[in-house]
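The following exercises are to be worked through with the structure in view. Each task is followed by a solution in steps.

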Amino acid sequence: MENQVLTPHVYWAQRHRELYLRVELSDVQNPAISITENVLHFKAQGHGAKGDNVYEFHLEFLDLVKPEEEERLNKLRIESQGSPETLTSLKKGYLFMYNLVQFLGFSWIFVNMTVRFLILGKESFYDTFHTVADMMYFCQMLAVVEAINAAIGVTKSPVIPSLFQLLGRNFILFIVFGTMEEMQNKAVVFFVFYIWSTAEILRYPFYMLSCIDMDWKVLTWLRYTMWIPLYPLGCLAEAVSVIQSIPIFNETGRFSFTLPYPVKIKVRFSFFLQIYLIILFLGLYINFRHLYKQRRRRFGQKKKKIH
């Protein structure tokens with residue numbers, strides 16, 4: 001007894017000069033599609049109405065098919081294996097959700113700090129860490145995804161500037177603030193967190209709109225302009241926090257260590273903090289140059305006409 005031929009559901013749509021066929025199969029493997037004279041032949045392994053099987057059909061047209069339609073069949077084979085448009089949509093959806101979560105997180109920090117400052121004034125400076133640190137921890141840990149996206153090519157962002165910003169911020173947050181209770185009650189925490197959140201509530205909405213191919217001119221201008229004052233101010237606030245932490249780390253001896261015999265030299269952690277200050281301003285230069293190039297590409301320069 002011969003095996004029964006399984007035929008998939010085929011949907012037909014037609015315009016004046018175009019014909020569309022949709023074959024209802026998922027997880028398609030090894031599709032064989034060809035045309036001989038006026039007959040379309042289709043055969044593939046896939047999951048259809050009768051489960052995972054081999055499905056095939058032959059569709060006869062009223063007239064001969066032109067030879068140049070062979071090129072369209074090649075495109076059909078590629079799309080049957082996985083449409084590039086589908087992959088692009090999935091990537092955009094993933095990036096949109098990531099940027100949305102980050103925007104909501106930094107917005108919560110920004111609004112919380114703003115409201116508390118309006119109500120409490122300068123008193124709000126000294127308990128900023130205990131109020132918003134958990135959300136800042138979450139956002140900065142999630143920012144690791146941003147560097148990974150750049151490294152594996154999901155986004156076009158350059159890897160070095162992304163890493164500089166990620167590692168620099170996390171060093172301030174987790175090491176300088178997170179491990180030293182004496183630093184958590186200082187006013188500089190407020191300024192560091194406020195500058196970070198201000199920059200991000202402009203950056204992430206811009207990326208969100210880019211994922212859905214929208215361009216809001218006001219937001220675009222803010223995205224490519226506000227970094228000019230915010231990045232140097234953020235770098236300055238971070239430098240102040242490092243400088244204020246140096247005597248505290250020296251006094252407590254935290255993260256300091258002694259080299260083994262015969263050297264036996266005590267290496268204070270403050271030595272690495274001083275090196276970090278140099279790296280901090282180097283990172284500012286790298287990010288500043290990168291953002292300046294982005295701004296020039298985005299807005300361009302008006303060339304003066306020579307008469």
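**Exercise 1.** Determine where Pro262 lies and what kind of peptide bond joins Tyr261 and Pro262.

*Solution.* In this predicted model, Pro262 is placed in the loop that runs between strand S6 (257-258) and strand S7 (266-267). Next, consider the bond between Tyr261 and Pro262: omega is about 10°, and the peptide bond is cis. For background, most peptide bonds are trans.

**Exercise 2.** Describe how helix H5 and helix H10 are arranged and which residues meet.

*Solution.* Two packed helices are described by the angle and the distance between their axes. Begin with these values: the axes of H5 (residues 159-177) and H10 (residues 269-299) come within 10 Å and cross at roughly 145°. The crossing of H5 past H10 is left-handed. Then list the residues: H5 contributes Ile160, Pro161, Phe164, Gln165, Gly168, Phe171, Ile172 and Ile175, which meet Phe269, Leu273, Tyr276, Ile279, Gly283, Ile286, Asn287 and His290 of H10.

**Exercise 3.** Identify the residues of the nonpolar surface patch and the element that supplies its largest share.

*Solution.* The patch covers about 660 Å² and is made by Phe257, Leu259, Val263, Ile265, Phe271, Phe272, Ile275 and Ile279. H10 supplies the largest share, four residues. Ile275, for instance, lies in H10.

**Exercise 4.** How many salt bridges does the structure hold, and which parts does the pair Arg116 and Asp127 tie together?

*Solution.* The structure holds six salt bridges. In one of them, Arg116 pairs with Asp127, and the closest N and O atoms are 2.7 Å apart. Arg116 belongs to helix H2 (residues 84-120), while Asp127 lies in the loop between H2 and helix H3 (128-142), so the pair ties together parts that are 11 residues apart in sequence.

Notes
Residues are numbered from 1 along each chain as its sequence is written. This is a predicted model: local features need pLDDT of at least 70, side-chain atom pairs count only at pLDDT 80 or more; totals for chains, interfaces and linings use all residues. Side-chain values use heavy atoms; hydrogens and water are left out. Axes are lines fitted to C-alpha atoms, for helices over the stretch in contact, and angles run from 0 to 180 degrees between N-to-C directions. Helices (H or I, at least four residues) and strands (E, at least two) are DSSP runs, numbered from the N terminus. A crossing is left-handed if the near helix is turned anticlockwise from the far one by less than a right angle, and right-handed if clockwise. Contact means heavy atoms within 4.5 Å. Patches are made of residues with over 30% relative accessible area and no salt bridge: like charges are joined within 9 Å, nonpolar side chains (Val, Leu, Ile, Met, Phe, Trp, Tyr) within 5 Å. Accessible areas come from the Shrake-Rupley method with a 1.4 Å probe; for residues, only the protein chains shown count as cover. A salt bridge is a side-chain nitrogen of Lys or Arg within 4 Å of a carboxyl oxygen of Asp or Glu.
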